[in-house]
Amino acid sequence: MPILRYPHKENEWIEPDEIDRPVVTFGAITEIGSFELDVHRHRKGQILLVQRGALSCEMDGGLWIVPPRSAMWIPGDTLHAIKATGALEGYCAFVDPGADHRLPQRSCAVSVTPLLRELLIRAAHLPLLYQEGGAASRLLAVLLDEFVSAENDDLHLPMPEDSRLRQIVNLMMVSPDERATLDVWAKRIGMSARSLERLTSRETGMSFGRWRQQLAVMLAVRWLAEGASIQQVAASLGYESVPSFVTMFRKALGISPGRYMAARQAEPS
């Protein structure tokens, strides 16, 4: 399949579930603007690699951020919606449910090794109806081997179902620089701080503070991948100083934001 560019030309997209091959691959590039794919599903599972830029994916009651050199696994028949802003280069493999029993049963994100990256890029240039049993099939088998052995990349935010917590989520998304305390947020939705803390833990598996920090980390990664400076990101998240933001980021991901993005934006060796 040729590399797709957004917006698609008429009749350029072919539904991967209709292709009689265990793995169907393609690449997608958009240089400017943004695009959204509304809620949809595929029978085949989906490996989605971001090589440049960043995208977000909402599914399974959670929000995922996929930065450069990460890949997302979307199991078959999973409802999901995808959004990207700015320049994006990505590669995708749709995998038949019976192709490999080792594939994850649940959604996850993984760190992409140089080999996995090159396999996905190479596979994206295969013909749609490649000859089975030959070199293409062997390449795709190695691709699946490499994917199932990849390490998890935890950029996942559990999304609550409770309408009151959803109200807080929406407000935080609109004004991520809002640094209100737990007590203030609780009063806004007519709850006590203790009740809000318990509800957040029950709905997300995290404390309110940990959940809010995870949201900040995910937004930071997305903005950095889109080209924002560390200073701009710190200000957008309401931090009074860059060092305090860097400390939070390092505590969450074990690495400073500068080194995190430098490693992901380095040219392939």
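Start by selecting Asp-100, Arg-102 and Asp-145: a network of salt bridges links these residues. The model on your screen is a predicted one. Across the whole structure, the search finds nine salt bridges. The next stops visit some of them.

**Stop 1: Arg-43 and Asp-96**

Select Arg-43 and Asp-96. They form a salt bridge, and their closest N and O atoms are 2.9 Å apart. Arg-43 sits in the loop between strand 3 (34–40) and strand 4 (45–52), while Asp-96 sits in the loop between strand 9 (88–95) and strand 10 (108–111), so the bridge ties together parts 53 residues apart in sequence. Arg-43 is partly exposed, at 35% relative accessibility. Asp-96 is partly exposed too, at 22%. Buried would require a value under 20%.

**Stop 2: Glu-58 and Arg-166**

Move to Glu-58 and show its side chain together with that of Arg-166. The two meet in a salt bridge, 3.7 Å from N to O. Which elements does this pair tie together? Glu-58 belongs to strand 5 (residues 55–59) and Arg-166 to helix 3 (residues 163–174), so the bridge joins parts that are 108 residues apart in sequence. Check the accessibility of each partner. Glu-58 has a relative accessible area of 34% and is partly exposed. Arg-166 is partly exposed at 28%.

**Stop 3: Arg-188 and Glu-178**

Select Arg-188, then Glu-178. Their side chains meet in a salt bridge, with an N to O distance of 3.5 Å. Arg-188 is in helix 4 (residues 182–188), and Glu-178 is in the loop between helix 3 and helix 4, so the pair ties together parts ten residues apart in sequence. Arg-188 comes out as partly exposed, at 40% relative accessibility. Glu-178 is partly exposed as well, with a relative accessible area of 29%.

**Stop 4: Gln-214**

Is Gln-214 buried or exposed? Its relative accessibility is 3%, so Gln-214 counts as buried; the cut-off for buried is under 20%.

Now show what surrounds Gln-214. Hide its neighbours within four places in sequence; the contacts that remain are Asp-154, Leu-155, His-156, Leu-157 and Met-206.

Notes: Residues numbered from 1 in each chain as written. Predicted model: local features only at pLDDT ≥ 70, side-chain atom pairs only at ≥ 80, totals over all residues. Heavy atoms only, no water. Buried < 20%, exposed > 50% of the residue type's maximum accessible area, 1.4 Å probe, protein only. Contact = heavy atoms within 4.5 Å. Salt bridge = Lys/Arg side-chain N within 4 Å of Asp/Glu carboxyl O. Helix = DSSP H or I, 4+ residues; strand = E, 2+ residues; numbered from the N terminus.
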